[in-house]
Amino acid sequence: MSDKEKIDEIAKQRERWEKTTLPKWIGQSPERKSEFRNHSGTLIKRVYTPEDIKDLGYTRDLGFPGEYPFTRGVHATMHRGRLWTMRQFSGYGTAEQTNQRFKYLLKEGETGLSIAFDYPSIRGYDSDHPFSKGEVGICGVTVSSLKDMEVLLNGIPLNKVTTSMTINGPAAMLLAMYMAVGDKQGVPREKLGGTTQNDVLKEFFAQKLIIFPPKPSIKLVTDIIEYCTKHVPRWNPISISGYHIREAGANAVQELAFTLYDGITYVESCLERGMKVDEFAPRLSFFFAAHNDLFEEIAKFRAARRIWAKTMKERFHAKNPRSMWMRMHVQTAGFTLTAQQPLNNITRVTIQALSAVLAGTQSLHTNSFDEALALPSEEAVRIALRTQQIIAHESGVANTIDPLAGSYYVENLTDEMEERTMEYFRKLDDMGGAIPAIEKGFFQKEIADSSYEYQKEVDEKRRILVGVNDYTTEEKQPIKVLRVDPKVEEEQVASLHKLKRERDNRKVNEMLEKLHYVAEKDENLMPTIIDTVKAYATIGEICDVLRKIYGEFKELIVI
Amino acid sequence: MQNQRKIRVLIAKPGLDSHDRGAKILARALRDAGMEVIYTGLKQTPEQIVETALQEDVDVIGLSILSGAHKTLFPMIMELLKQKGLTDVLVVAGGIIPEEDVPEMKKLGIKGIFGPGTRTDEIIQYIFENVPKRI
């Protein structure tokens, strides 16, 4: 029998089943809903069969791990060789407190650091700025100058640990500080490993924690990529992020499509700068959210790898297979955590983490169960880390590569994710690219609509959230949440003022003037920023210089 | 027919955090419920919020904050409202406000506090029932 004949036979059998067996069952007990859909709105069939993957070509669409199109994974041995990096995003209070938390996590078996900065640092304000009032050290660690970074990384060997920094607007300054600490530790630049998020595009329409307008923001991103490609070869200069797009309300397909399209935009910017695709592309990295719909998420991650590989090969003519690798970090979706019955979140996080592992992530953050209430307590963050360790060492899911390949359902969903992403690509190309789409409010509107629809589903109980709109309970689960001491702000401001008194202020001014000069000339700013942070100029001072030249981003409000 | 005037609501994002998903959903839900909604956008200082409330002559202010700075910023906003004579405006808040902070926030004059997981129709109903009547 040929493949076509086999499929025809299966179709015939399915039709027979639908006419004979199925109606009896449905007659006795009707299905729970008239239709089943996933988060992206895909109509989910009752059952999937070989008919649903009849066009799938194994070598063309899946291939082998470590080979094009990398659907099954970017490495040939995947988690059998090396487990994913267990990297818990953390930061609160003073640099000293977070340094203690880092050491605790490393002692508990974490394998990479991830720094959460506070809002003043993220938005380029020093801790004594009026905007910083009440925000210092609250949602992350406060870092105003190299002095704070030195304390934050004290006793942590930068040649052994890799560090991810969730920073965008002032990414260049914080990377410069990290390198400066490396210099002090005697670690050469080529030995430093880690990631700066440095993805400004998603800021304009999803996270919106950005300082400068689109054009200079992308210039700074490109400066960092160019500098790292030449001098810090083990650094991922950018982590192109879907996480925030999803958290802002996008569905899985939108997350995938918008993130990858942002990636395309950065590649174009680097090419315009005169860089060669195979020089910088191997270091581009990605960051996604893992939501609750297990198979939808798995399909998303697998489709992401395949689309990126094809895009790099076909659209940008990359030759080096590494340029086609999509290496990803995944974080479980904070939005799905509930304040009600918070211990239930441990289960949610487990399911979400499982999707990322089953789909071959390189790095993973698991949220803590108390994060709908506060920053995580030490106990909560330990359970989150243990969840990863249990998946890694007890569940057996990491023993083989891409175990869901060949599933009629998962392959069908993976194909559908790819098709719908390509539709978005065409639409965005027609709009003239990501920036015009942002200026037209396209992404913003797409996200707002999806987010509103999701909420309506919850409000109308078309979507059940356990403990929120069903299975609710009166009693509270008393949990102890972490509170940041309000004294942190006072102490931080005092230490900042001390620094400003004691540093060589003539040198600081000289460097800030030089930065102004270089920024106006449109040169790569990285070397000057490194020298400026080394003189202990603060984030606020450096950003002020650039604000004067570049202006500030104004949000386009789309409800 | 002055009492036919639509309820005017200001949805405001004080502080530096950018979690606007809830604020935007609520803005849209209140609009769908027949209210007039003004959304400030992100990164609003207490002064800006109170000034907008005054300019827009609102009946209700909804403060949305998830950064943890409510203990600093809410007292500043409530004090400014008092100074400007906007004492009859119904002030409600949402976001991440720990249970143990709620009594302190209520003492400031914030009438309703709605945490994560609140249904939008619950908030709509609360506003209809508690909005001060215009004479």
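Leaving aside neighbours within four places in sequence, which residues is A:Ala304 in contact with? The residues are A:Leu256, A:Leu260, A:Phe286, A:Phe288 and A:Met326. Two residues count as in contact if their C-beta atoms, placed from the backbone, lie within 7 Å.

The structure is a predicted model, in which local features need pLDDT of at least 70, side-chain atom pairs count only at pLDDT 80 or more, and totals for chains, interfaces and linings use all residues. Residues are numbered from 1 along each chain as its sequence is written, while chains are lettered from A and ligands numbered from 1 in the order in which they are written. The model scores ipTM 0.89 and pTM 0.95. Chain B has a mean pLDDT of 93, and 97% of its residues reach 70 or more. pLDDT is the predictor's confidence in each residue, from 0 to 100.

Chain A contains 23 helices and nine strands. These are DSSP runs numbered from the N terminus: helices are H or I with at least four residues, strands E with at least two. The C-alpha trace of chain A spans about 85 × 60 × 45 Å along its principal axes. In chain A, 77% of the contacts with a separation of 6 or more join residues 24 or more positions apart.

Of the 559 residues of chain A, 49% are buried. A residue is buried if 20 or more other C-beta atoms lie within 10 Å of its own, exposed if 12 or fewer, and partly exposed in between, with C-beta atoms placed from the backbone. The largest nonpolar core holds 184 residues. Such a core is a set of buried Ala, Val, Leu, Ile, Met, Phe, Trp, Tyr and Cys residues joined through C-beta atoms within 7 Å. A:Ala172, A:Ile224, A:Phe288 and A:Ala304 touch the most other members. Helix α12 (residues 252–272) of chain A gives the most to this core, with eleven residues.

A:Phe117 lies in the loop between β2 (112–115) and α6 of chain A. A:Phe117 is buried because 24 other C-beta atoms lie within 10 Å. Beyond its neighbours within four places in sequence, the contacts of A:Phe117 include A:Gly91, A:Ile122 and A:Ile167. The C-alpha atoms of A:Phe117 and A:Ile138 are separated by 9.3 Å, with the two 21 residues apart along the chain.

The contact between the chains takes 30 residues from chain A and 27 residues from chain B. On the side of chain A that touches chain B, α6 (119–122) and α19 (442–459) each supply at least two residues. α19(A) gives the most, with five residues.
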